[in-house]
Amino acid sequence: MALSNIMILNVKKGGNVKLKFTVKNPNLEYLLIDFINKIIMYKDYKKVIITDSRIGIKKGFTLSCNANAEKLENLKDRFIVDIKAATLHDLQIKKQKGLIKCKVVLDI
Amino acid sequence: MEVQQIKKTIKEIKKNTWESERIDNVPIRIYANNNIMKKLEDGVLEQAANATSLPGILKYSYLFSDAHIGYGVPVGWAGAFDLESGIISPGVVGFDINCGMRLIRTNLSLEEIKPKIKELVDTLFKMVPAGVGSSSPATLPELKSVNRSELKEIAEEGINWSIKKGYATKADSKRIEEGGVSNHADFSKISNDAFKRGKEQLGTLGSGNHYLEIQVINKDFNRKIANNLDLDVIKNQVVIMFHTGSRGFGHQIASDYIRKFLEYSSNNNIILKDKQLAYAPFNSEEGQNYLKAMACGINFAFVNRQLITYQIRKAFKQVFKKSENDLGLEIVYDVAHNTAKVEEYNILGQKKKVIVHRKGATRSFGPGNKELSGVLKSTGQPVIVGGSMETGSYLCVGTKKAEEETFGTTLHGSGRTMSRVAARKQIDADTLINRMNKNGIYIKANSTAGLTEENGSAYKDINEVVNSMDAAGISLKVLSFKPIGNIKGSWKNTDF
């Protein structure tokens, strides 16, 4: 959702395109980057923005994502910026007050 | 070595040419005037210093006058690596592989084009899809959704595919860096995700700092070279300049191989100063696989710019109702920015092949270079320097000195002075649009956010960055241009 909200103003849940995918990476930081890059891939391939998702991470760092997405065409009036890649620049994942806080610099 | 310590060691060794002491394997070499040096960000120096640790780096970690912070290495950076002991790095090449500039001349003058500038920009806007989610032009149905074997042909053959399909001429290919084709390309090294991202994006401009501009020659600095390139300030001649690259296809190749190279680093206990610098030895299987995949990205970008050229030619014919010959729509040159290329240089009196990484930097070959043909053999390779959409651009030429000092490399653009977010906060869209209209620039763009982040003050002074390289003798000024019409990545037709 954070990613979608950078690209589109006021993203609303419940897009009517269904997406299902998995990404694998034994390193938690890189798994996050792979996950974001997969969402970016679908943005260009299916021309959609994810509106909401259910994510599970299994042992061995396999991330499964079931997502609802909205066609870009329907969001054109709320477009802010195009994201083209997740970078490793200044990448941070840390636990803070019981939450996991991530910092990812995106290429736009 | 800490940045503050590095700064203390930097000295001007000759006009606009600065050097640090050796850091890891080599020193940093910077081309800039005093003013640019004073404003150089610490982060730029830190990234250039990190690059000195890369194995097999030769002579220097180079920064040019347009340098600003990038991912891994700065934008406006170059480094050459030994083929035996050196590396290849997707993060150092950059995400938008062969992001580049193309300059097209016309026989039209400002007086001829002015009454039709709106119609022309609007027509170009329709014929050259731009912005997020845009697909190949509807008027090129065979490109609407290419299959894997078709994209293989495009990515492996580059401009030769365009010639075969009637989108380019042989004369076009002679005015493109490397003749418009990287022979290393091997599509089997491309992921399915890269194919999926790229298959509908050929012939599209993209978003961000990608643009298409109608410009008029503003001033000449070397009339002889300009005239040899069929460009003339006296005629108030109009040109077309555009900036785009390998779109999602190139980005996906970069992301795929950064991931593979991180795994390689981990498996081989390589400690990286910055993860974005992940590399593999040039001669390793992994390194060669990336070279082949990156070459596909290079070729994709050449074809992308060629298809846009094809559409530009159609748009001009439609608006001016003249033949292509009468309009004189010929490519002056096409340069690549984000690449790694095997090139040969004299090092300590011996000819040696090296892999030159250029990140937001332009090849700058001088007169007589064997890569150049026709009139370019005497003028030197054209270097197209894009400025901000408000301040204009330059045409320069490469020099022998660049081949001797910088592995034939120079600057690529103005260089940002602030982030896109900061630029958006700096000026409101109405003020910017009014200012541009007042300066005689007609613009079509999508969002006001996208427009304001590219405002002129978000960039360094183009005159200063170009003059810095000119005074250092690395690329020489030929002409400056001012914009009269601009198209930026868009969702919908929006007039300003």
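Student: In this predicted model, how do the axes of helix α7 (residues 148-157) of chain B and α13(B) cross?

Tutor: They cross at roughly 95 degrees, and the axes come within 6 Å of each other.

Student: What makes α7(B) and α13(B) roughly perpendicular to each other?

Tutor: Set the angle against the cut-off: roughly perpendicular covers 65 to 115 degrees. The crossing is at roughly 95 degrees, so α7(B) and α13(B) count as roughly perpendicular.

Student: Which residues make that contact?

Tutor: From α7(B) you have B:I154, B:A155, B:E156 and B:E157. Facing them in α13(B) are B:C296, B:N299, B:F300 and B:V303.

Student: Why is α12(B) called roughly antiparallel to α13(B)?

Tutor: The label needs an angle over 145 degrees. The pair packs at about 170 degrees, so α12(B) and α13(B) are roughly antiparallel.

Student: And which residues of α12(B) meet α13(B)?

Tutor: On the α12(B) side, B:R247, B:F249, B:G250, B:I253, B:Y257, B:K260, B:F261 and B:Y264. Among their partners in α13(B) are B:Y290, B:M294, B:C296, B:F300 and B:N304. The residues of this contact come out as 11 nonpolar, three polar and three charged.

Student: Let's move to the two chains together. How many residues does the contact take from chain B and from chain A?

Tutor: Chain B puts in 26 residues and chain A puts in 22. On the chain B side, α10 (192-198), α12 and α19 (448-452) each supply at least two.

Student: Which helix gives the most to the side of chain B that touches chain A?

Tutor: That's α12(B), with eight residues. Taken as a whole, the side of chain B that touches chain A has eight nonpolar, 11 polar and seven charged residues.

Student: What ipTM and pTM does the predictor give the complex?

Tutor: An ipTM of 0.92 and a pTM of 0.94. For chain B, the mean pLDDT is 93, and 97% of its residues reach 70 or more. One stretch to watch is residues 490-496 of chain B, where the pLDDT is below 50. In the model that stretch still has 21 contacts beyond near neighbours in sequence.

Student: Now chain A. How do you know that its radius of gyration agrees with a compact globule?

Tutor: Compare two values. A compact globule with 108 residues would have a radius of gyration near 13 Å; chain A has 14 Å, so the two agree. The C-alpha atoms of chain A fill a box of roughly 35 × 25 × 25 Å along the principal axes.

Student: What does the secondary structure of chain A come to?

Tutor: Two helices and seven strands. Read from the N terminus, the order is α-β-α-β-β-β-β-β-β. Of the contacts in chain A with a separation of 6 or more, 61% are between residues 24 or more positions apart.

Student: What's the phi of A:K47, and where is its place?

Tutor: Phi is near 60 degrees, a positive value in a residue other than glycine. A:K47 sits in the loop between α2 (28-45) and β2 (48-58) of chain A.

Student: Why is A:K47 called partly exposed?

Tutor: A:K47 has 17, which falls in between, so A:K47 is partly exposed. In the loop between β3 (62-71) and β4 (85-86) of chain A is A:N74. With 13 other C-beta atoms within 10 Å, A:N74 is partly exposed too.

Student: What makes B:K59 partly exposed?

Tutor: The cut-offs are 20 or more for buried and 12 or fewer for exposed. B:K59 has 18 other C-beta atoms within 10 Å, so B:K59 lands between them. This residue is in strand β4 (residues 57-68) of chain B, and has a positive phi of about 65 degrees although it is not a glycine.

Student: Which residues in helix α20 (residues 462-472) of chain B are buried?

Tutor: B:I462, B:V465, B:V466, B:S468, B:M469, B:D470 and B:A472. After α20(B) comes B:G473, with a positive phi near 80 degrees.

Definitions and conventions: Residues are numbered from 1 along each chain as its sequence is written. Chains are lettered from A and ligands numbered from 1 in the order in which they are written. This is a predicted model: local features need pLDDT of at least 70, side-chain atom pairs count only at pLDDT 80 or more; totals for chains, interfaces and linings use all residues. pLDDT is the predictor's confidence in each residue, from 0 to 100. Two residues are in contact if their C-beta atoms, placed from the backbone, lie within 7 Å. Axes are lines fitted to C-alpha atoms, for helices over the stretch in contact, and angles run from 0 to 180 degrees between N-to-C directions. Helices (H or I, at least four residues) and strands (E, at least two) are DSSP runs, numbered from the N terminus. Angles under 35 degrees count as roughly parallel, over 145 as roughly antiparallel, 65 to 115 as roughly perpendicular and the rest as oblique. Ala, Val, Leu, Ile, Met, Phe, Trp, Tyr, Cys and Pro count as nonpolar, Asp, Glu, Lys and Arg as charged, and the others, Gly among them, as polar. The radius of gyration is taken over C-alpha atoms; the globule rule is 2.2 Å times the number of residues to the power 0.38.
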